[in-house]
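The following paragraphs guide the reader through one structure, element by element. Please keep the sequence and the three-dimensional view at hand.

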Amino acid sequence: VLARAEPAPHEMSRIDRLIRFVEAQKDMKFIRNGSEYTCEDAGRFLRGKMESMGAEVKTARDFIERIASKSSMSGKPYQVKFADGRTMLAADFLHAELKRIEAQPA
């Protein structure tokens with residue numbers, strides 16, 4: 001049996017915090033391949049994608065770049081849409097949150 005490489009525990013914890021952060025957004029939609037999803041659905045989707053593609057991920061940054069930034073099928077970037085209608089790239093949204101997580105004392 002081949003051992004599956006996994007991110008170090010502290011990186012896995014950061015990845016989990018990023019997914020939980022997405023899931024906690026109530027007034028935001030996650031846009032994937034032109035369709036809007038609730039952030040709860042987006043969290044489930046990201047967890048599933050992490051399950052299937054996680055071997056490519058060593059850090060929270062890898063997770064954002066490889067899993068949470070764009071569709072692996074269409075190549076289209078994921079976006080988030082705020083209650084006021086503004087959109088931004090999901091990668092930028094997640095990088096901002098990762099920066100906040102990293103700034104917190106351990």
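Helices α2 and α3 are roughly perpendicular to each other (an angle of 65 to 115 degrees; under 35 counts as roughly parallel, over 145 as roughly antiparallel, and the rest as oblique). The model is predicted: local features need pLDDT of at least 70 and side-chain atom pairs 80 or more, whereas totals for chains, interfaces and linings use all residues. Residues are numbered from 1 along each chain as its sequence is written, and side-chain values use heavy atoms, with hydrogens and water left out.

Helix α2 covers residues 39-53 and helix α3 residues 60-67; they pack at about 100°, with axes 11 Å apart. Such axes are lines fitted to C-alpha atoms over the stretch in contact, and angles run from 0 to 180 degrees between N-to-C directions. Helices (H or I, at least four residues) and strands (E, at least two) are DSSP runs, numbered from the N terminus. Leu 46, Lys 49, Met 50 and Met 53 of α2 are in contact (heavy atoms within 4.5 Å) with Phe 63, Arg 66 and Ile 67 of α3.

Strands β1 (residues 29-32) and β2 (residues 35-38) run antiparallel and are joined by four bridges; two strands pair if DSSP finds at least two bridges between them. Phe 30 has Tyr 37 in β2 as its bridge partner. Two residues separate the strands of this hairpin, and Asn 33 in the turn has a positive phi of about 50°.

Glu 97 lies in helix α4 (residues 90-103). Leaving aside residues up to four places away in sequence, Glu 97 touches Leu 18 and Phe 21.
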